[in-house]
Amino acid sequence: MSAYLKCIEKNCNKTMSSTSKAYVCPNCEGLLDVTYDFEIFDPEKIKQIFLKRRSSNSLLDLSGVWRYRELLPFCTDFSKVVSIQEGNTPVYEAPRCAKYVGLKKLNLKHQGLNPTGSFKDNGMTTGVTQANLLGSKIVACASTGNTSASMAAYAARAGIRAVIFIPDQQIGFGKLAQSLDYGATTIQLEGDFDESMRLVKEITLERDVYLLNSINPFRLEGQKAIIIELLCQQDWKVPDRIVVPGGNLGNSGSFGKAIKELYDLGFIEKMPMVTIIQAQRANPLYQTLIDRSPRLVKVEAQTLATAIKIGNPVSWKKAVRAMEWTRGWCDFVSEQEIADAKAIIGRDGIGCEPASATTVAGIRKLVQTKEIDPDEDVVAVLTGNLLKDPDYTVNYHQNSLYQEATYRNELLGKKDKIRSTFANGPIKVRADKEAILKVLGL
Ligand SMILES: *Cc1c(COP(=O)(O)O)cnc(C)c1O
Ligand SMILES: [Zn+2]
């Protein structure tokens, strides 16, 4: 089995060895794919092997990524694999969410239950394994928080130095805490994510530092396992639609690649539509599609869902490709819609971080506009854990969640409050039994 890197630009198609450290095409600066000459195999047999591995105790089989190694066959030496038993995340039926969005049934695949609390672990196990295969001594990334938390953990496991660049404001405290504890060198930069991204790219080009942002195609190989695992969990019954938040757009791009490969190899007979949901004021992909622009329409990103606060997403062309392959589309939701959807997900006993709630909010919007039929079989991917950003949640339930002011309100000196439609704040009571019973209505 041979793996190589290939430029995704149709009029270029340059290929390179899979041991190249390039993260864009040297000819045209296009994004790269890890590409395989898959050996023709029997999909039904491979499905049985995947199923059987769920009862195996070998390190590779315990991983919800490496268990599916036939579909990401770039690793030439399994002794170099760095795994913390990522993946293995549940699919939950969410009846309250279903009712809220207007669907008969809604499934949530909770990637927030990964070892470091986000789907970034699915990609980091393959990204850091590739760094290990290449013999890299230092890995780096720019991050809104979850990428750095995940990279820090995997680098620590591998004994590789981790350097992370984060914006000095607007990073969830849970995420920062993780990177510090896992021993990463943490550089806090003035400016936003897009600024951090630009600097880390320059530094990794000039020094022997391996870049592990989602522009790194090996990370996206691991994220394909989210789709593969989901389909295994559904006994290969293909849903009509998979809904995912869009930030840097690596994950949606990776979903597209997974679906296309599974289809081409005969694992599935139809493709689920990939629907990408962005935050209203961080919606460059939506703007680009609406404008039919051949170039990305960048925006100055503003949202409390910090994991998707990205105005210049690196992998946007892979997301466009995913939508083309699967007849998917992209939409956006407001801060208010995100906050309320998140509270409803919580009421199902599940919980997630704000960025993840764009999915449920987006499904609701698309059911209302009749783009989604109430009978559709829809899976929303919850990308991150509730505990990543506790401030947001507590503020919502205490009626004190403010979004960044619009330009107009800023001029007027007004704050923009988010209505706490489903508030469930703590109740202050005197330490007195009668008073407590009264409050409880007992
Ligand atoms: C990284 C992240 C996203 C955005 O994913 P992209 O691949 O950048 O589009 C969404 N939600 C959470 C919780 C994340 O950590
Ligand atoms: Zn190229």
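Predicted model: local features only at pLDDT ≥ 70, side-chain atom pairs only at ≥ 80, totals over all residues.
**Exercise 1.** Describe the second largest cavity by volume, secondary structure and residue class.

*Solution.* 
- Step 1. The space in the second largest cavity comes to about 50 Å³.
- Step 2. Strand β9 (210-211) and helix α8 each give its lining at least two residues.
- Step 3. Sorted by class, this lining holds seven nonpolar, two polar and one charged residues.

**Exercise 2.** State how many cavities of 30 Å³ or more the whole structure has, then characterise the largest cavity.

*Solution.* 
- Step 1. The search returns four cavities of 30 Å³ or more.
- Step 2. The largest cavity contains about 290 Å³ of space.
- Step 3. Its lining consists of 27 residues, with F119, K120, G247, N248 and A307 nearest the centre.
- Step 4. At least two lining residues come from each of α5 (146-158), α8 (217-233) and α9 (250-264).
- Step 5. The class count of this lining is nine nonpolar, 15 polar and three charged.

**Exercise 3.** Locate ligand 1 and list its polar contacts with K120, N248 and T383.

*Solution.* 
- Step 1. Ligand 1 takes up the space of the largest cavity.
- Step 2. Around ligand 1 are 15 residues, the closest being K120, N146, G247, N248 and T383; by class, the shell has five nonpolar, eight polar and two charged residues.
- Step 3. With a cut-off of 3.5 Å between N or O atoms, an oxygen atom of ligand 1 lies 2.6 Å from a side-chain N or O atom of K120.
- Step 4. A ligand oxygen atom is 2.7 Å from a polar backbone atom of N248.
- Step 5. A nitrogen atom of ligand 1 is 2.8 Å from a side-chain N or O atom of T383.
- Step 6. Alone, ligand 1 exposes 380 Å², and 97% of that is buried by the protein.

Terms used:
Residues numbered from 1 in each chain as written. Chains lettered and ligands numbered in written order. Heavy atoms only, no water. Near = heavy atom within 4 Å. Polar contact = N/O pair within 3.5 Å; in protein donor to acceptor, adjacent residues only side chain to side chain. Areas by Shrake-Rupley, 256 points an atom, 1.4 Å probe, with all protein chains shown as cover. 1 Å grid on protein atoms, 1.4 Å probe; cavity = no way out; pocket = protein on both sides within 12 Å on 5 of 7 lines; lining within 4 Å. Sits in = over half its atoms within 2 Å of the grid points. Nonpolar A, V, L, I, M, F, W, Y, C, P; charged D, E, K, R; others polar. Points joined across faces, edges and corners; volume = space filled by probe spheres on them. Helix = DSSP H or I, 4+ residues; strand = E, 2+ residues; numbered from the N terminus.
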